[in-house]
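Walk me through this structure, please.

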Amino acid sequence: MSDIGNIFVLVKQVPDQSAKAGINPDGTIDRSKAKRMINPFDRFALQAALETKKKYGGRITVISMGPPAAEEILLESLEHGVDQCKLLSDRRLAASDTLATSYAIWKTVEYLKPFDLIFCGLQTTDGDTAQVGPSLAERLDIPQVTYCEDFRIENKKVIARRVIEGGYQWVSSSLPCLITVANSYHHLEYKNIRGAKLVQELLRNKDKKDELIKTINLDQVNADPILCGLKGSPTIVAKTDKVAEIGGSCFLQQGESVDSMVQEVVSKTNILEFTR
Ligand SMILES: Cc1cc2nc3c(=O)[nH]c(=O)nc-3n(C[C@H](O)[C@H](O)[C@H](O)COP(=O)(O)OP(=O)(O)OC[C@H]3O[C@@H](n4cnc5c(N)ncnc54)[C@H](O)[C@@H]3O)c2cc1C
């Protein structure tokens, strides 16, 4: 059994896409109106961390950057069995782009280190850039394994299988290392009873909750506010467009021959004629 120390998992709260969110006049998402959830891709990162702990030991810390409401997803992570959570929350972070986000998370990781592994989701369902994980690894100057769908740890090394176009690739990396977990990894298991009981207790005992979900600010992690929020974000939303949803229905066409099936499909659509 390899000895793993601290395992960090990056988890972001995103708007629930099944509910309606507003759009601000500058084209950014009005998050105050949106229903919220754990970024679906980060559920795979959480599962990778939980499995690592089960197999190799270690202590799991979830790190999230977001408004105070992000506490909801941290409570949910505790229900799944993580050990503790850190919420980087500061008004000066509002309107951070990926550059500012990776800077602020980097300062947080520097403040919380040491660590052996950092797990991230592949991307988020709101910003959707897949840049934060790789930028963080660069800033930390550690190796990164992206699109990882399977891995094991041997002799203080990660042996990982990456999804690549048309197949997969095995790579090996020294520790510490950052892994972005692909959505072909195992699904997040159900919340466990011990986690659920713990969260019930935290909801009654604020001191204990504050201990397990620590909120930290930019000053505590020694981050320069000029490099955060709007000031630290060179990205500009130039224009947003409403994308019309394509409606329609599907049908299964069966028949004796391809020609008869095609003719049948043509007859059901507004295509006038089909010639071979
Ligand atoms: C002009 C502008 C203004 C913006 N203003 C805001 C704003 O006010 N509030 C806001 O929430 N977003 C804001 N965003 C979106 C924000 O920039 C991105 O959501 C954020 O930088 C992360 O990038 P991403 O979503 O593309 O993450 P990706 O790079 O796709 O995420 C990859 C992985 O990194 C980790 N990760 C990413 N972000 C976080 C996080 N915050 N905490 C923990 N883990 C994380 C997760 O594991 C995730 O799966 C703004 C974007 C722009 C361009």
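Cys 148 has Arg 162 in β10 as its bridge partner. This is a predicted model, where local features need pLDDT of at least 70, side-chain atom pairs count only at pLDDT 80 or more, and totals for chains, interfaces and linings use all residues. Residues are numbered from 1 along each chain as its sequence is written. Strands here are DSSP runs of E with at least two residues, helices are runs of H or I with at least four, and both are numbered from the N terminus.

Stay with β9 and β10. The two strands run antiparallel and are joined by six bridges. Strands count as paired if DSSP finds at least two bridges between them. β9 and β10 form a hairpin, with two residues between them. In the turn, Asn 155 has a positive phi of about 45°. β9 also pairs with β12, in the parallel sense, over three bridges. There, Gln 144 stands opposite Leu 178 of β12.

Now step back to the sheet. In general, strands of a sheet pair through backbone hydrogen bonds, either parallel or antiparallel. This sheet is open and has nine strands, in the order β11-β10-β9-β12-β8-β1-β6-β7-β13, with mixed pairing. β11 (167–174) and β13 (213–216) stand at the edges with a single partner strand each, so one side of each has no neighbour in the sheet. On average, neighbouring strands are turned by 30° against each other, direction ignored. Leu 88 has Ile 216 of β13 as its bridge partner.

Helices pack on this sheet. α1 touches β1 (6–10), β6, β8, β9 (144–154) and β12 (177–181), and its direction makes about 150° with that of β8. α2 (residues 71–80) touches β6, β7 and β13, and its direction makes about 165° with that of β7. Contact means that two C-beta atoms, placed from the backbone, lie within 7 Å. Axes are lines fitted to C-alpha atoms, for helices over the stretch in contact, and angles run from 0 to 180 degrees between N-to-C directions.

Helices also meet each other. The axes of α2 and α5 (residues 193–204) come within 6 Å and cross at roughly 140°. α2 and α5 are therefore oblique to each other. Oblique covers angles left over when under 35 degrees is roughly parallel, over 145 roughly antiparallel and 65 to 115 roughly perpendicular. Leu 75, Leu 78, Glu 79 and His 80 of α2 make the contact with Gly 195, Ala 196, Leu 198 and Val 199 of α5.

α3 and α4 pack at about 50°, with axes 9 Å apart. They too are therefore oblique to each other. Among the residues that meet are Trp 106 and Val 109 in α3, and Leu 136 and Leu 140 in α4.

Which residues come nearest to the ligand? Of the 32 residues around the ligand, they are Thr 101, Gly 121, Gly 127, Thr 129 and Val 132. A residue is near a molecule if its C-beta atom, placed from the backbone, lies within 6 Å of it. α1 (40–56), β6 (59–65), α3 (98–112), β8 (117–121) and α4 (132–140) each supply at least two residues of this shell. α1 gives the most, with three. By class, the shell has eleven nonpolar, 16 polar and five charged residues. Nonpolar means Ala, Val, Leu, Ile, Met, Phe, Trp, Tyr, Cys and Pro, charged means Asp, Glu, Lys and Arg, and the others, Gly among them, are polar.
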